[in-house]
Amino acid sequence: MKKKRAFTLVETLMSAGIFGMLMVMGISIAALVTWLLFTGQTESVNRSDLSETVYYITREIQSAEAVKISGSGKIIEIKERGSNGYNLKYSIVEHYPVDYIAFKDKRLLNIDADNSRIYTENGTIKIRLCIVKNNIETQQPGKVIEIAVKPRCEFYEEAESG
């Protein structure tokens with residue numbers, strides 16, 4: 001009589017347990033890599049957006065015919081040379097879950113509105129922005145940057161508040 005060969009219940013459970021642990025580790029590593037890539041990409045996009053935003057705001061203020069800043073420090077309106085009105089408008093917008101700075105109501109950069117403002121000091125326009133990492137998470141710690149621009153024109157603190 002020939003002996004039947006088969007796996008015992010203990011051997012089957014052990015192999016299933018080892019296989020399950022390897023699957024959990026593989027999925028965890030894949031999730032970690034995905035999260036790291038997403039975070040790195042988000043931070044890279046924010047850095048390039050910050051660079052572009054600073055460049056354009058600085059250039060537009062320096063070449064403006066006139067500039068108006070709201071009393072609340074949340075809106076700056078810029079009149080381009082040769083234009084009829086204040087056609088460029090940057091505003092700090094409070095929004096849930098993350099605030100942002102907008103150009104003509106288009107989101108440019110994720111910020112913390114409570115720690116960001118636009119103000120004048122000694123003939124210079126200062127833009128203080130508290131940059132946050134992304135527009136998904138709430139209660140993010142921000143990094144404060146301050147831009148100081150000396151305009152070639154006069155400026156007034158009377159921009160629209162809305």
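Trainee: Which residues make the nonpolar surface patch of about 320 Å²?

Mentor: That patch is made by Ile18, Leu22 and Met25. Keep in mind that we're looking at a predicted model.

Trainee: OK, and where is methionine 25 found?

Mentor: Methionine 25 is in helix H1, which runs over residues 9-62.

Trainee: Is methionine 23 buried, exposed or partly exposed?

Mentor: Partly exposed, because its relative accessibility is 41%, and that class sits between 20% and 50%.

Trainee: Switching to strands. Where is lysine 126 placed?

Mentor: Lysine 126 is in strand E7, residues 124-131.

Trainee: A lysine, so buried or exposed?

Mentor: Buried: the relative accessible area of lysine 126 is 16%, and the cut-off for buried is under 20%.

Trainee: What does the lysine 126 side chain make a polar contact with?

Mentor: With the side chain of glutamate 121, at 3.0 Å. Leaving out residues up to four places away in sequence, lysine 126 also touches a number of others, including Arg117, Tyr119, Glu146 and Ala148.

Trainee: And why is E7 as a whole largely enclosed?

Mentor: Because seven of its eight residues are buried.

Trainee: Which strands does E7 pair with, then?

Mentor: One is E6, residues 117-121, antiparallel over five bridges. Another is E8, residues 143-149, antiparallel over seven bridges.

Trainee: What is the bridge partner of glutamate 121 in E7?

Mentor: Threonine 124. On the E8 side, arginine 128 stands opposite glutamate 146.

Trainee: How many residues are between the strands in the hairpin of E6 and E7?

Mentor: Two, and asparagine 122 in that hairpin takes a positive phi near 55°. Asparagine 122 lies in the loop between E6 and E7 and counts as exposed because its relative accessible area is 75%.

Trainee: What about lysine 104, what's its phi near?

Mentor: Near 50°, again a positive value in a residue other than glycine. Lysine 104 is in the loop between E4 and strand E5, the latter being 106-111.

Trainee: Last one: which residues does the cis peptide bond with omega of about 5° join?

Mentor: Tyrosine 96 and proline 97. Proline 97 lies in the loop between strand E3 (88-93) and strand E4 (99-103).

Methods
Residues are numbered from 1 along each chain as its sequence is written. This is a predicted model: local features need pLDDT of at least 70, side-chain atom pairs count only at pLDDT 80 or more; totals for chains, interfaces and linings use all residues. Side-chain values use heavy atoms; hydrogens and water are left out. Helices (H or I, at least four residues) and strands (E, at least two) are DSSP runs, numbered from the N terminus. Buried means under 20% relative accessible area, exposed over 50%, partly exposed in between (1.4 Å probe, protein chains only). A polar contact is a pair of N or O atoms within 3.5 Å; within protein, one must be able to donate a hydrogen and the other to accept it, and residues adjacent in sequence count only if both atoms are side-chain atoms. Contact means heavy atoms within 4.5 Å. Two strands pair if DSSP finds at least two bridges between them. Patches are made of residues with over 30% relative accessible area and no salt bridge: like charges are joined within 9 Å, nonpolar side chains (Val, Leu, Ile, Met, Phe, Trp, Tyr) within 5 Å. Accessible areas come from the Shrake-Rupley method with a 1.4 Å probe; for residues, only the protein chains shown count as cover. A salt bridge is a side-chain nitrogen of Lys or Arg within 4 Å of a carboxyl oxygen of Asp or Glu.
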